[in-house]
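Take a look at the structure below. We will go through its helix pairs, then turn to its nonpolar cores.

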Amino acid sequence: MIQTLAPRTAPSAAARTSAAPSSAPAPVRIGEHSVGAGQPVYMIGEIGINHNGEVELAKRLMDVAAEAGAQAVKFQKRNPDVAVPEAQKSKMRETPWGTMTYLEYKYRVEFEREQYREIDAHAKQLGLQWFASPWDTDSVDFLENEFDALTYKVASASLTDFELLRAIAATGKPVLCSSGMSDWDILDAAVEVFDRENLVLMHAASTYPLPPEEANLRAIPAMERRYGVPVGYSGHEIGTEISLAAVALGAVTVERHITLDTTMWGSDQSASMEPDEFIALCRGVRVLERALGDGEKRIMPGEESKIASLRK
């Protein structure tokens, strides 16, 4: 006897995308976007210093992020006099602009007020958010006082700089915090500084480029359980597979370095994504969001017509 079942109403594609486990941490609001379970994955194009000190190059990278459908781009902000270790300042470095000290080089690729004003205007034109990782408290003051920073990103290298962490926390702004070069003890101490209701952790491993065996993606759900905050992924690998797997494991944001050409001069270029690859990643994440569903087992609309013809 053939058993027929009454059709069930499946949730819309939008509902399936927005479904979130009831036990998931509450999303964190960053401007007009909510970052957390049940929300669209917050995609970040990490420009960092891949602009090589050229604001027009930065704008072209912002255009790439907008075309990909990312919500945000991220830069780095330093006061080189403070952020560069004393032992490194006088070391000589070969650069496209000639031989110079490491301190001179860091100033050469650093954006200041006028450049960030151009970036701010371009971001508004594109409908993109922008923010930066401050590497010192002077840079927190700069981002806060000059641009009323939307959010702050803590770089993995800054996890043990508690003066900086406290300065970021004191702004009251939402915080994205990378976790590279850390174990539970280091991360526990850093998390303690912040308001967890305003914190998104980002699993990361600070190897450039990242080999798959060091990705340790199962840390994403482990971090969520341990700290009760949304957890994203900051990736430095080659390709898209690991970042997509991070989303499948619950990452609520994905940050990847972007460049126009991986052969360009610069320390982060070779571990970055060229435009076509970043665009493909963002599109892949949106497909994966729809595919993940809400976890409730049901007969899907496309299966209903098969029941009578295939099931005994």
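Is the crossing of α11 and α12 right-handed or left-handed? The crossing of these two helices is right-handed. Keep in mind that this is a predicted model.

Two packed helices are described by the angle between their axes and the distance between the axes. Helix α11 covers residues 241–248, and helix α12 covers residues 275–292. Their axes come within 10 Å and cross at roughly 30°. Angles under 35 degrees count as roughly parallel, so α11 is roughly parallel to α12. From α11, the residues Ser 243, Leu 244, Val 247 and Ala 248 take part. They meet Leu 281, Gly 284, Val 285, Leu 288 and Leu 292 in α12. Seven residues of this contact are nonpolar, two are polar and none is charged.

Now the second pair. Helix α9 spans residues 184–191, and helix α10 spans residues 219–227. Here the axes come within 12 Å and cross at roughly 50°. That angle makes α9 oblique to α10. The crossing of α9 and α10 is right-handed. On α9, the contact is made by Trp 184, Leu 187, Asp 188 and Val 191. On α10, Ala 222, Met 223, Arg 226 and Tyr 227 make it. This contact has six nonpolar residues, no polar ones and two charged ones.

Next, the cores. The largest nonpolar core has 62 residues. Phe 75, Trp 130, Leu 201 and Phe 278 touch the most other members. Beyond its neighbours within four places in sequence, Phe 278 is in contact with residues including Ile 44, Ala 65, Arg 256 and Met 273. Another core, of 11 residues, lies apart from the largest one. Among its residues are Val 28, Leu 176, Met 202 and Val 252.

Notes:
Residues numbered from 1 in each chain as written. Predicted model: local features only at pLDDT ≥ 70, side-chain atom pairs only at ≥ 80, totals over all residues. Heavy atoms only, no water. Axes fitted to C-alpha atoms, helices over the stretch in contact; angles between N-to-C directions. Helix = DSSP H or I, 4+ residues; strand = E, 2+ residues; numbered from the N terminus. Parallel < 35°, antiparallel > 145°, perpendicular 65-115°, else oblique. Left-handed = near helix turned anticlockwise from the far one by under 90°. Contact = heavy atoms within 4.5 Å. Nonpolar A, V, L, I, M, F, W, Y, C, P; charged D, E, K, R; others polar. Core = buried A, V, L, I, M, F, W, Y, C linked by side-chain atoms within 4.5 Å. Buried < 20%, exposed > 50% of the residue type's maximum accessible area, 1.4 Å probe, protein only.
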